[in-house]
Amino acid sequence: MLEAILGSTSAERVLLFLCARESGYAAEIARAFETDLSPIQKQLERMERDGLLISRTVGRTRVYEFNPRNPFVAELQSLLNKALDLYPEEIKNSLLLDRRRPRKKSKPL
C-alpha cells in the first residue's frame, strides 16, 4: 500500500511492524510477514544509518524502534497508522497481537 512512497515492500513491512508494536527485531519482523530475513535486515540497517530508527542490544538481539529525535517520526507514524487501519483484519490482528510469553497451563483458550 505504501510501497510507492517508501520505495520497497520491505521498508513498508519494517515501518508498519514498528508502528504497530513500537519495537522489534529483524527475525520477528520477517516471521510476522513470512518473508526472508535478509531484506528486512538491510532495511533496518539503512533506516538506522539514516537516523529514522535507533537500536539497542538486548542479550544477543538488536531491537529497533523509531528515533524520537527525528523530526519526521510523528508525521510518519500518523501515515502508518492510517495505512494500518486500511489493511485486512487478519494482517492487522497479527501485527497488533504481541504475545511474548507462553500461555499459562491453566488458562483456557
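**Entry 1: terms and source.** I take a nonpolar core to be a set of buried Ala, Val, Leu, Ile, Met, Phe, Trp, Tyr and Cys residues joined through side-chain atoms within 4.5 Å. Buried stands for under 20% relative accessible area (1.4 Å probe, protein chains only). The model is predicted: local features need pLDDT of at least 70 and side-chain atom pairs count only at pLDDT 80 or more, whereas totals for chains, interfaces and linings use all residues. Residues are numbered from 1 along each chain as its sequence is written, and side-chain values use heavy atoms, with hydrogens and water left out.

**Entry 2: overall fold.** I found 6 helices and 2 strands in the protein chain; helices (H or I, at least four residues) and strands (E, at least two) are DSSP runs, numbered from the N terminus. Their order from the N terminus is α-α-α-α-β-β-α-α. I noted that 37% of the 109 residues are buried. Along the principal axes, the C-alpha atoms fill a box of roughly 45 × 35 × 25 Å.

**Entry 3: the core.** Which residues touch the most other members of the largest nonpolar core? In this set of 27 residues they are Val14, Leu18, Leu44, Leu53, Phe66 and Leu80. At least two core residues come from each of H2, helix H3 (26–33), H4, strand E2 (61–66) and H5. Helix H2 gives the largest share, 8 residues. In soluble globular proteins, nonpolar side chains tend to be buried together.

Entry 4: I located Tyr64 in strand E2. Is Tyr64 buried or exposed? Tyr64 is buried, at a relative accessible area of 7%. Leaving out residues up to four places away in sequence, I listed its contacts (heavy atoms within 4.5 Å); among them are Leu18, Leu44, Leu53 and Glu48.

**Entry 5: the largest pocket.** The lining (residues with an atom within 4 Å of a point) includes Ile5, Leu15, Arg46, Met47 and Asp50. Helices H1 (3–6), H2 (9–21), H4 (37–49) and H5 (73–86) each give two or more residues to this lining.

Note on methods: On a 1 Å grid over the protein atoms alone, a cavity is a set of points where a 1.4 Å probe fits but cannot get out, and a pocket is an open set with protein on both sides within 12 Å along at least five of seven lines; lining residues have an atom within 4 Å of a point. Buried means under 20% relative accessible area, exposed over 50%, partly exposed in between (1.4 Å probe, protein chains only).
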